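Hi,

Here is the structure I promised to pass on.

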Amino acid sequence: MQANAQTAQVDDLTLIAVPTAVNCADLFVRFTLGEWRLRNMIGECSAVACALVEAAVESADPKTSRLITLRLRLTGEYLVVELEAARFTMPPTAPDLRTGELQLGGGVKLIWCELPLPTGVNATAVPLPRREKRRSPAAEALGDEPDVDPELIQRILFGLGGSMGGGPQR
């Protein structure tokens, strides 16, 4: 890993080391890279992430913690795929990819694999995800929100005993 490059964006997902975690990893990669507008890297990144998660699932000890963390990080000229897990054996990767592992505390390993960003792109050039305020499809089907008279609401609340004196006296 490049020690001098700063992380521009990061997203992670904690999974349980069971076979369905591989499908979850694929969905996570697709969603995250879609948000980061790096759709052209989805295939390669998903293959690497799924291989790491599959290896973690296969080497997990059922008697210990089976939690694994998959992380995607943009730093410098690379998209870094990281996986934290106990009892992990690095799967074979493409020979042109830089990989490594680091022993963390508590018997957990951090395995990482760097995927080069497309030519001319660096981590700081990747735009942050933006979310727009949108109404739900059900609200859209209803059309515009009706105008509500505040006095009518007060009368309804009064009738229900919810405000303005607590309702009729007995």
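**What I found**

Threonine 32 has its place in helix α1; helices (H or I, at least four residues) and strands (E, at least two) are DSSP runs here, numbered from the N terminus. Before I go on: this is a predicted model, where local features need pLDDT of at least 70 and side-chain atom pairs count only at pLDDT 80 or more, while totals for chains, interfaces and linings use all residues. Residues are numbered from 1 along each chain as its sequence is written, and side-chain values use heavy atoms, with hydrogens and water left out.

Back to threonine 32: is it buried or exposed? Threonine 32 is buried, at a relative accessible area of 2% (buried is under 20%, exposed over 50%, partly exposed in between, with a 1.4 Å probe and protein chains only). Leaving aside residues up to four places away in sequence, threonine 32 touches Asp11 and Leu72, contact being heavy atoms within 4.5 Å.

Now the sheet. Five strands make an open sheet, ordered β1-β2-β3-β5-β4, with antiparallel pairing (two strands pair if DSSP finds at least two bridges between them). β1 (7-16) and β4 (98-103) stand at the edges with a single partner strand each, so one side of each has no neighbour in the sheet. On average, neighbouring strands are turned by 15° against each other, direction ignored; axes are lines fitted to C-alpha atoms, for helices over the stretch in contact, and angles run from 0 to 180 degrees between N-to-C directions.

Two helices to look for:

- α1 (residues 20-35) packs on the sheet and touches β1, β2 and β3 (78-86), its direction making about 160° with that of β1.
- α2 (residues 42-59) also packs on the sheet, touching β2, β3 and β5 (108-116), and its direction makes about 10° with that of β3.

Isoleucine 16 sits opposite leucine 67 of β2. Valine 10 is also in β1 and counts as partly exposed, at 48% relative accessibility. Valine 10 and arginine 71 lie 61 residues apart in sequence, yet 7.1 Å apart in space, C-alpha to C-alpha. Again not counting residues up to four places away, valine 10 touches Trp36, Arg71, Leu72 and Arg73.

Arginine 98 faces glutamate 114 in β5. The hairpin of these two strands has four residues between them, and glycine 106 there takes a positive phi near 70°.

Cheers
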